[in-house]
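Me: I'd like to learn how to read a model like this one. Could you walk me through a few features?

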Amino acid sequence: MSGSDNPYNASLGGQMSASVNLGAAPQSASYIKDTSTATFPRDVIEESRHQPVLVDFWAPWCGPCKQLTPVLEKVVNEGGGRVKLVKMNIDDHPSIAGQLGIQSIPAVIAFVNGRPADGFMGAVPESQVREFIDRLAGPARGEDDDAAQIASILEEAAALLASDDINGAAELFGAVLQADPENAKALAGMAECMIAAGQTDRAREALADLPDTLAQDAGILAVVKKLDQIDEARKLGDPAALERALAINPDDHEARISLAKILNVQGKRDDAAEHLLTVMRRDRTFDDDGARRQLLQFFDVWGFKDPATVTARRKLSSILFS
């Protein structure tokens, strides 16, 4: 896509004034190792107190893992020790991935100061791996100013969207897409702006027919899942009726899960999570532990660092491991 062909050239409500270009820079070294369940505390928890540690959860049968791992290794080695990469084969060592709620691979979780700090799933492009590492460790010394400018604009756009300045965010996401039409973070951000503006059909159209490398980006997949959740919630009926049903029968788990799905798309994430956690506390066997599976789907869309994810994941752990 050229700038003139770019369907994201215009914001949702005005003209864009921002402009950016692209850039990058390399180094070399080896900062990569394999780990096991026994060595995970030393290789990851303790090591992450010195610099961020990326944990690559993979398996030999996973095709996308074979695409992502060489990209991770290249970017980490070029980073000169800004971050380290630890690889964990989940076929041989499944327990850590299970405790973290990882349901699909490849999955990369970044640990900082002994705790999970960020993460992504899927075989993302090299540019997105670099952005991810830059968020954790800061831009590499000598990195081109244009790449730093893109990262700064994307960060500002995300902040504007979080503060409900939809048009301001769309303008900045669009500016990045003019310079880099295949920037997955900007594509996902623009689609989020469309969703926030009530333009869900336009958002789905914007993410249709993307190249595989973009379609499998974790951020774009999360937006597609969000659109699917919105579509599903529209078919679940009146939330007031579901609340009345629960007032009569608090153990109507099907109604409670349906209400959680509706509250989620209304932006009431804490309430949605609490309903699913309530089902888990009352009956883990309902719908083959369906409340937990639904909550993990919410996490995929909300993001690793969203406050609702952090709070609900803590409560989920207390249920699972109590």
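**Reading the model, feature by feature**

Reply: Cysteine 193 counts as buried, because its relative accessibility is 0% and the cut-off for buried is under 20%. Keep in mind that this is a predicted model.

Me: Okay, then how many disulfides does the structure hold, and which cysteines form a disulfide?

Reply: General idea to start with: a disulfide is a covalent bond between the sulfur atoms of two cysteines. The structure holds 1 disulfide. Cysteine 62 and cysteine 65 form it, with 2.4 Å between their sulfur atoms.

Me: Is that disulfide right-handed or left-handed, and why?

Reply: Look at the torsion about the S-S bond of cysteine 62 and cysteine 65: it is about 85 degrees, so the disulfide is right-handed.

Me: And are cysteine 62 and cysteine 65 buried or exposed?

Reply: Cysteine 62 is buried, at 2% relative accessibility. Cysteine 65 is buried too, with a relative accessible area of 2%.

Me: On to cores. Which residues touch the most other members in the largest nonpolar core?

Reply: Phe173 and Ile220 do, out of 29 residues in that core. Helices H5 (145-162), H6 (166-179), H7 (184-196), H8 (200-206) and H10 (218-233) are the elements that each give two or more residues to this core. H7 supplies the largest share, 9 residues.

Me: What does isoleucine 220 touch?

Reply: Leaving out residues up to four places away in sequence, isoleucine 220 touches Ala184, Leu187, Ala188, Leu207, Leu210, Leu214 and Ala215. Another core, of 26 residues, lies apart from the largest one; its members include Ala233, Ala255, Val279 and Ala312.

Me: How do I read a helix such as H14?

Reply: Compare its reach with what's expected at 1.5 Å a residue. H14 (residues 290-302) has 13 residues and reaches 18 Å from first C-alpha to last, close to the expected 18 Å. Its buried residues include Leu295, Phe298, Phe299 and Trp302. Among the elements covering the buried residues of H14 are H10, H12 (253-265), H13 (269-282) and H15 (307-321). Just after H14, glycine 303 takes a positive phi of about 100 degrees.

Conventions
Residues numbered from 1 in each chain as written. Predicted model: local features only at pLDDT ≥ 70, side-chain atom pairs only at ≥ 80, totals over all residues. Heavy atoms only, no water. Core = buried A, V, L, I, M, F, W, Y, C linked by side-chain atoms within 4.5 Å. Buried < 20%, exposed > 50% of the residue type's maximum accessible area, 1.4 Å probe, protein only. Helix = DSSP H or I, 4+ residues; strand = E, 2+ residues; numbered from the N terminus. Contact = heavy atoms within 4.5 Å. Disulfide = S-S within 2.5 Å. Expected span 1.5 Å × (residues − 1).
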